[in-house]
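Student: I have a new structure to look at. Can we go through it together?
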Amino acid sequence: MSAFPQFEYHQNTLHAESVPLESIAKKFGTPCYVYSRAALTATFHEFKQAFADDDYLICYAVKANSNLAILNVLAELGCGFDIVSGGELHRVIKAGGDPRKTVFSGVGKLADEMRMALAADILCFNVESVAELQLLNQIAAAMNKTAPVSLRINPDVDSKTHPYISTGLKENKFGIPFAEAEQIYLSADQFQHIQFTGLDCHIGSQLTELSPFTEAGKKLVDLLQRLQSSNLRISHVDLGGGLGIRYSNETPPSIHTYVNALRQTVGSIKCRLLIEPGRSLIGNAGLLLTRTVYIKHTPDRHFAIVDAAMNDLLRPSLYNAYHEILPVNKKNGNPEKYQVVGPVCETGDFLGHDRKLILDTNDLLAVMSSGAYGMSMSSNYNTRPRAAEVMVDGNTIHLIRARETIDQLIAPETILPA
Ligand SMILES: *Cc1c(COP(=O)(O)O)cnc(C)c1O
């Protein structure tokens, strides 16, 4: 099977499902994010099937890609959501998502965001500090509500991923130290407007091994058993997101293997299992389509200057992340080793180094595995309007976010009075 089953070559030209990428570039321009509805749906079903008829809930981590169309496709499939801001809650509701299937994560929730989430009756707040618990209790009291809460526990396990996206070590800012969590759960009486309903952790992103997940899971299950013996009624365990995808030669566990390992860790405990996958759901369902603007040969190197940049796809610059770069039209000739770079005024502005490609000006390239943390981390740096986004469904192309205009971009700004 191809690495990207919904993005394949037919007659040497790369397609998204049944649509040649060339026709998307022609119609909507470049740079352009292209998503496959079939890829997203198939991955969601893989998760679902792995859970069989367990009591579970998949809460898609909205921050991976928060486009309304993507949220809507997932909502229609019955997916829940993991949000990290009031803005993301607003998106979930707009997209037809169910707040009662929504959990709220994040280390710095604001009072207004708590009010929004309480008013919407979300499933659970994943609380990361005692100070946050106190504020949530106050706000719930003022609204005459009870806030359902999981403590996000920092299990102090090494997720063996990039340090910027590792979150479960004791020196990270995330979660409540494992040793303190039990005592906080047992002080439930102090928080009249809090109901502890779950346990939560999230140890990092782009994990390619199972052991950190199962290690964290076991720690949570131990704690859960102690809490249950103290008569706390905990109804779910949330093991977060973090399953890695294949960008180049990584070999992450399959969704099936991953889900099975979690199910076994939680074992016979009568509890609903929640997960918060982001990257593993949408990462390989999207690509970034870009066009070469100039080919530049210097004595040292060959540069392909393309119309997408670090403001469109930050991951290479931020984490030195690798994304496969494929030619949209396969050509014959001698490949050169290219530095694929954008127009932004930073040496760190690159999409790929040392890529063997046969290139001319105006050729289309596809930067693969860009569905997650691509558009959602994009910016307007260098006053570059953000890329268009389209979703392909069979042989239909849907524009799901229009390319920004420069006027939209500067509209909120004002000049000082004369
Ligand atoms: C980012 C994040 C996720 C999703 O992580 P992925 O690696 O994209 O699966 C899940 N839960 C929390 C709390 C997060 O911060």
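Tutor: One definition to begin: Ala, Val, Leu, Ile, Met, Phe, Trp, Tyr, Cys and Pro count as nonpolar, Asp, Glu, Lys and Arg as charged, and the others, Gly among them, as polar. This is a predicted model, where local features need pLDDT of at least 70, side-chain atom pairs count only at pLDDT 80 or more, and totals for chains, interfaces and linings use all residues. Residues are numbered from 1 along each chain as its sequence is written, and side-chain values use heavy atoms, with hydrogens and water left out.

Student: OK, how many residues surround the ligand?

Tutor: There are 14, and the closest are K63, S205, E276, R279 and Y373. A residue counts as near if one of its heavy atoms lies within 4 Å of the molecule.

Student: And how does that shell divide by class?

Tutor: Into three nonpolar, six polar and five charged residues.

Student: Which polar side-chain atoms lie by a nitrogen atom of the ligand?

Tutor: One of D82, at 3.1 Å, and one of H202, at 3.4 Å. Such a polar contact is a pair of N or O atoms within 3.5 Å.

Student: What about an oxygen atom of the ligand?

Tutor: An oxygen atom is 2.9 Å from a polar backbone atom of G278.

Student: New topic. What is the class make-up of the second largest pocket's lining?

Tutor: Its lining has eleven nonpolar, twelve polar and seven charged residues.

Student: Where is N320?

Tutor: In the loop between α11 (315-319) and β16 (325-327). Helices (H or I, at least four residues) and strands (E, at least two) are DSSP runs, numbered from the N terminus.

Student: And P31?

Tutor: P31 is in the loop between α1 (21-28) and β4 (32-36).

Definitions and conventions:
Polar contact = N/O pair within 3.5 Å; in protein donor to acceptor, adjacent residues only side chain to side chain.
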